[in-house]
Amino acid sequence: MPSSTHDPHALRARWVAWRNRVLASRSFQRWASRTPIVRRIARKRAGDLFDLVAGFAYSQALLATVESGLLDLLAEHPQDLTSIARETGLGEAAASRLVRAAAALDLAEEVSPGRWMLGQHGAALRGNMGAQAMIRHHRLLYRDLAEPLDLLRADRRCGTSLSEYWNYPAQDHDGAAAYSALMAASQEMVAGQIADAYDFGRHHALLDVGGGHGAFIRAIAASSPSLELGIFDLPHVAEGAGPAIKSAGLDRRVAIHTGDFFRDPLPAGYDCISLVRILHDHDDEPCLRLLAAIRRALPPGGRLVVAEPMSGVRGTGPMSDGYFGLYLWAMGSGRPRNPAEIGSMATRAGFANWKGLSVAQPVITSGIVCFT
Ligand SMILES: C[S@@+](CC[C@H](N)C(=O)[O-])C[C@H]1O[C@@H](n2cnc3c(N)ncnc32)[C@H](O)[C@@H]1O
């Protein structure tokens with residue numbers, strides 16, 4: 001069908017179709033790989049494409065690097081293959097294969113022939129326990145994504161490894177402790193980004209809804225010393241928050257409330273509520289109910305801060321739709337939303353308006369604030 005001259009997108013679509021025909025042609029690819037000025041671009045794009053092709057193997061090499069103890073072993077002193085094999089429990093040939101794969105991914109570096117230390121990615125990863133916890137946790141996602149089209153075709157209510165893991169209301173004490181520990185391991189990065197982007201000190205009291213074991217509240221307590229604090233979570237989760245709050249010396253400052261945020265009213269008395277990595281777990285209808293419950297709990301002038309990875313934000317790269325999109329699909333509910341989608345759900349739920357927060361590392365979290 002000829003494209004309409006009134007369609008403002010028709011010109012772009014024609015250009016994309018032409019460009020893609022050129023890029024797919026073997027003769028263009030051969031020409032580009034030999035021609036001096038475009039050769040570098042062609043090489044970079046070919047490398048990027050092959051990284052996509054091989055990415056699942058890179059992720060498994062990463063898991064083996066973390067699980068084998070290589071990150072600690074290579075941290076301080078160069079190690080030869082004999083010691084790497086001994087410490088990781090691998091044969092020398094396998095140890096060599098692993099450390100070379102790690103070096104190819106910048107996790108390790110051969111500092112002199114046959115002697116290895118951490119590479120730059122390896123050093124950064126060693127200091128990031130949250131990322132290491134996620135790498136281990138990805139076993140479940142890897143299992144669920146083994147046949148990605150089967151997963152996409154299946155009814156989302158069918159059980160998966162991830163839906164079982166994140167079955168919040170049905171988890172027992174140990175299951176809730178496991179997912180709360182995983183969340184807490186990565187919370188420091190999230191809380192740091194949000195505390196830099198939003199001044200909680202302007203408020204009198206902050207309630208973190210779905211606050212788990214209180215890692216976000218503990219981080220905000222340090223940066224806003226006069227703020228009163230509260231956590232709201234399911235009973236079998238919130239009971240695990242007490243010891244961490246106590247050992248941080250915050251038991252007089254942090255109130256722990258228990259309940260189901262889809263059924264029970266939220267406590268009053270807080271002029272700020274935070275939702276950290278909550279909405280993206282849920283489909284639109286339950287999110288609207290939760291947002292309406294939060295709006296009811298806030299006094300005039302109160303605010304809601306939403307923090308989670310969001311799509312369509314500059315700087316998130318493929319993480320949001322390429323990673324969280326599939327992760328949340330495998331989990332059986334929720335989706336990554338862009339700030340405007342969350343803001344518009346908040347206004348439908350009764351908030352007056354919203355604005356985006358400027359977060360330095362949006363790949364970890366983005367943020368919006370909603371006004372009553
Ligand atoms: C993905 S975790 C996020 C935890 C924490 N906000 C963070 O970012 O680390 C979701 C949290 O929401 C809580 N949650 C899930 N469903 C809930 C419900 N119906 N009522 C209350 N809390 C709930 C879970 O127990 C869990 O602590």
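Visitor: Which residue of E3 is the bridge partner of Gln79?

Guide: Trp116 in E3 is the bridge partner of Gln79. Keep in mind that this is a predicted model.

E3 has another partner. Strand E2 (residues 108–112) pairs with E3 in the antiparallel sense, over four bridges. One of the bridge pairs is Ala108 with Leu118 of E3. E2 and E3 form a hairpin with two residues between the strands. In that hairpin, Gly114 takes a positive phi near 80 degrees. In general, the strands of a sheet pair through backbone hydrogen bonds, either parallel or antiparallel.

Is Gln120 buried or exposed? Gln120 counts as exposed, because its relative accessibility is 63% and the cut-off is over 50%.

In an unreviewed entry, it lists residues 51–109 as "domain: O-methyltransferase dimerisation". That stretch is 71% helix and 7% strand. Its end C-alpha atoms are 20 Å apart.

Now the whole chain. It has 17 helices and 10 strands. Its C-alpha atoms fill a box of roughly 70 × 65 × 40 Å along the principal axes. Of the 372 residues, 42% count as buried. Take the contacts with a separation of 6 or more: 65% of them join residues 24 or more positions apart.

Next comes an open sheet of seven strands. The order is E6-E5-E4-E7-E8-E10-E9, and the pairing is mixed. Strand E6 (254–258) and strand E9 (353–356) are the edges, each pairing on one side only. From one strand to the next, the twist averages 20 degrees. Gly230, for instance, has Ala255 of E6 as its bridge partner.

Helix H15 (residues 284–297) lies across strand E4 (205–209), strand E7 (272–276) and strand E8 (303–308). H15 runs at about 160 degrees to E7. Helix H12 (residues 215–223) has its own set of buried residues: Ala215, Phe216, Ile217, Ile220 and Ala221. Those buried residues pack against helix H11 (173–197) and against E4, E5, E6 and E7.

At the other end of the strand order, look at Thr365. This residue lies in the loop between E9 and strand E10 (366–371). Thr365 is buried, because its relative accessible area is 0% and the cut-off is under 20%. A polar atom of its side chain lies 3.0 Å from the backbone nitrogen of Glu308. Beyond its neighbours within four places in sequence, Thr365 is in contact with Val190, Gln193, Ile194, Ala307, Glu308, Pro309 and Val359.

Last, the ligand. How many residues are around the ligand, and which come nearest? There are 17, and Tyr179, Gly210, Asp233, Val276 and Arg277 come nearest.

- The side chain of Arg277 has an N or O atom 2.8 Å from an oxygen atom of the ligand.
- The side chain of Gln187 has an N or O atom 2.9 Å from an oxygen atom of the ligand.
- Phe261 uses its backbone instead: an N or O atom there lies 2.9 Å from a nitrogen atom of the ligand.

One more record entry covers this part of the chain. The unreviewed UniProt entry annotates residues 143–352 as "domain: O-methyltransferase C-terminal". Over those residues the chain is 45% helix and 13% strand. The end C-alpha atoms of the stretch are 43 Å apart.

Back to the starting point, then.

Definitions and conventions. Residues numbered from 1 in each chain as written. Heavy atoms only, no water. Pairing = 2+ DSSP bridges. Axes fitted to C-alpha atoms, helices over the stretch in contact; angles between N-to-C directions. Contact = heavy atoms within 4.5 Å. Buried < 20%, exposed > 50% of the residue type's maximum accessible area, 1.4 Å probe, protein only. UniProt positions renumbered as here; feature names shortened; annotations may be inferred. Near = heavy atom within 4 Å. Polar contact = N/O pair within 3.5 Å; in protein donor to acceptor, adjacent residues only side chain to side chain.
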